[in-house]
Amino acid sequence: MQAGSRCKQTDLMAYTQHVTFLDAPVYCKASVKKASEKGQQIKERDKIKVFCRVRSLPDENDISCMKILSNNTIALTPPATSVGTQTGKYREIHCTFHHVFEEDVTQETIFEHTTLPLINEVFKGRNCLLFAYGLSGSGKTYSMTGEPQNAGIIPRSLDVIFNNIMHLQAEKFVFKPDKMNGFEMQSEEDARKERQRELAAYMKSARPQKFIQRDDSTEYGQQTSHCAQIENINEDSIYAIFVSCVEIYNNAVYDLLEHTSDYGSLKHPQRKLIREDSAHNMYVHDVVEVEVKSSKEALALFCKGMHRRRTSFTFLNRDSSRSHAVFTIRVVQAVLHRFGGAPEQKEAHYVSQLCLVDLGGSERTSRTKNTGQRLMESGNINNSLMTLKICLANLRENQMLGTKKLVPFRDSKLTYLFKNFFEGESCVHALVCVNPRDADFDETIHVMKFADTVKEVQVLHPSSTVQNPCFPLGRREANQIFHDALQKLEQNNQVHSSEGISSLSSDFPCLKLKDPIDDKLINNLAVFLEHRNEQYCLLRQAWVQKVTKYFTGLDFNIKQKLKKRTLSQNTKLAFCVLVNEEANITARVDEGVVYLMKQ
Ligand SMILES: Nc1ncnc2c1ncn2[C@@H]1O[C@H](COP(=O)(O)OP(=O)(O)OP(=O)(O)O)[C@@H](O)[C@H]1O
């Protein structure tokens, strides 16, 4: 058979083994082979996996038009009211998927089939996308977010990730976004300074905001702790997790985490641009990307983002999403150096991401009865979903027939942002949500056609996996054993600790006086110095405690040997504290020399 030709319906049945819509273009297997023979380098490709979740009937008076025939096939029977039935266009239609979930399926099962395999891929260093598609009210948000007592895909993903890497996390700010969709590695010292700056800023801002502080993660606090194993966790690596949350509303991208520290404010997020990085990945420029250290912290941010996502009442769903929501989890990892210590800055680190997308629901205006703003929103949602359909249909045709049809990714922000998932190397899963009621039949048919296209689209199999250098395995554990032993020796006073004291937090504020009557500078400086002084007192107290503990743990004979030492002011202070505590020892400080004596 010639490349580019269409096959007979009988050939198609043998290939796809399911009933395909009569007005959809159909392609045969032979053309796939022919097309790939043309290319110089034949790269392995994977088809997008499409899952289908059939929700329960929303109302007991509703009648179902669907029957689940097996774990991958459903049958749709057109109701008498359907336009297709009246014109004789539709009889019973069978649709196949990678997997079909019945209405009583648990959120856990949905997560384990659709998302857990993608998380495994992400930890191999690959980029993954999962999107939920369906009519308004079909259960997309329910699947992606879930409910407080019944968490969906996103809270479970965070739970699994942190349950697996909790003990392997890098110190905060060791990896830092470089604003060009990449990350740079900082020295331990720089990372520590940045942590101190963050603490100082937090302490400064937390005080007046106490009354509006809320813990959004508790919305999902009751959820099960999902402890599935991720296959590709390397005990000799360190990991850092970054999250961001955007919505595409009326074909514009908004950062849902912008100004979240300013929770009480009703400031609206600004529009963002989509850019392409040096590896041809698309990204939202200048998006707030937060390094999170626990699933609780990540969930709190996700919930804050979702509170800002635009939703509203419609006739199909009383809390209908008016935008596409994109929650991105980026994993940065680097291998420990050969002796198990922190990786050095020059060493390679790997970045991969899991994009979890809750698409807005397609809706026919005649059914929603939307007007004004709602009508504009649904028009934009429908347009972007139409562009997605066209892109995937053209991609499928190009892949199967070897044609060179333009794939109009740029026509909508939604498709432009995900361009590289479809064109580059990635793993893509789609979760098609359907409502089985017969009133939805005519629109559900369009959803099924879309699913039929998507499952034939192929994406390049990701080849770039995390490289593991030939360093000894078990380095982290060996390093830990070594440090424990060292600590024991220190406790026995056989080794002198060289540990220094931490610095005093952030840099001074700007001291340039621009206006002689502006007393803001003095006020700022006063607040800064007050805060710095508080920190100094805390550090001093902590240090004194540490030194005291160290000396009280010493054997009496060793203490005797310390009778004469040249010591700093701070150490003298620590001695005095010690001596006060140990009534039978006195100390005399003379010209920087401390004399300890037993009474
Ligand atoms: N599988 C399910 N089990 C129980 N309740 C469900 C299920 N799916 C959806 N629901 C309920 O149906 C309602 C609508 O679902 P949801 O908001 O998830 O729809 P949606 O597809 O996201 O709609 P939209 O596109 O308008 O935002 C919600 O109240 C949700 O709790």
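Biologist: Where does UniProt place the feature "binding site"?

Modeller: The UniProt record, an unreviewed entry, puts it at Gly134, Leu135, Ser136, Gly137, Ser138, Gly139, Lys140 and Thr141. UniProt positions are given in the numbering used here, feature names are shortened, and annotations may be inferred rather than shown by experiment. Residues are numbered from 1 along each chain as its sequence is written. This is a predicted model: local features need pLDDT of at least 70, side-chain atom pairs count only at pLDDT 80 or more, and totals for chains, interfaces and linings use all residues.

Biologist: Which residues come nearest the ligand?

Modeller: Gly139, Thr141, Ser320, Ser321 and Gly361, out of 17 residues around the ligand. A residue is near a molecule or strand if its C-beta atom, placed from the backbone, lies within 6 Å of it.

Biologist: Which elements give two or more residues to that shell?

Modeller: α6 (140–144) and β19 (320–321). The largest share, three residues, comes from α6. Helices (H or I, at least four residues) and strands (E, at least two) are DSSP runs, numbered from the N terminus.

Biologist: How do the shell residues divide into nonpolar, polar and charged?

Modeller: Two are nonpolar, twelve polar and three charged. Ala, Val, Leu, Ile, Met, Phe, Trp, Tyr, Cys and Pro count as nonpolar, Asp, Glu, Lys and Arg as charged, and the others, Gly among them, as polar.

Biologist: Back to Gly139. Is Gly139 buried or exposed?

Modeller: Gly139 counts as buried because it has 24 C-beta neighbours inside 10 Å. The cut-offs: buried means 20 or more other C-beta atoms within 10 Å of the residue's own, exposed means 12 or fewer, and partly exposed is in between, with C-beta atoms placed from the backbone. Gly139 sits in the loop between β7 and α6.

Biologist: And where is Ser136?

Modeller: In the loop between β7 (128–134) and α6. Ser136 is buried, because it has 23 C-beta neighbours inside 10 Å.

Biologist: What is Gly139 in contact with, leaving aside neighbours within four places in sequence?

Modeller: Arg53, Arg55, Gly134 and Cys433. Contact means that the two C-beta atoms, placed from the backbone, lie within 7 Å.

Biologist: How many bridges join β7 to β22?

Modeller: Seven, and the two strands run parallel. Leu129 stands opposite Val428 in β22. Strand β2 (residues 49–54) also runs parallel to β22, joined by six bridges. There, Lys49 has His429 as its bridge partner. Two strands pair if DSSP finds at least two bridges between them.

Biologist: New topic. Where is Gly424?

Modeller: In the loop between α13 (419–423) and β22 (427–434). Gly424 is partly exposed, because 15 other C-beta atoms lie within 10 Å. Leaving aside neighbours within four places in sequence, Gly424 is in contact with His280 and Leu460. The C-alpha atoms of Gly424 and His280 are separated by 8.3 Å, though the residues are 144 apart along the chain.

Biologist: Whole chain now. How many helices and strands?

Modeller: 18 helices and 26 strands. Of the 599 residues, 36% are buried.
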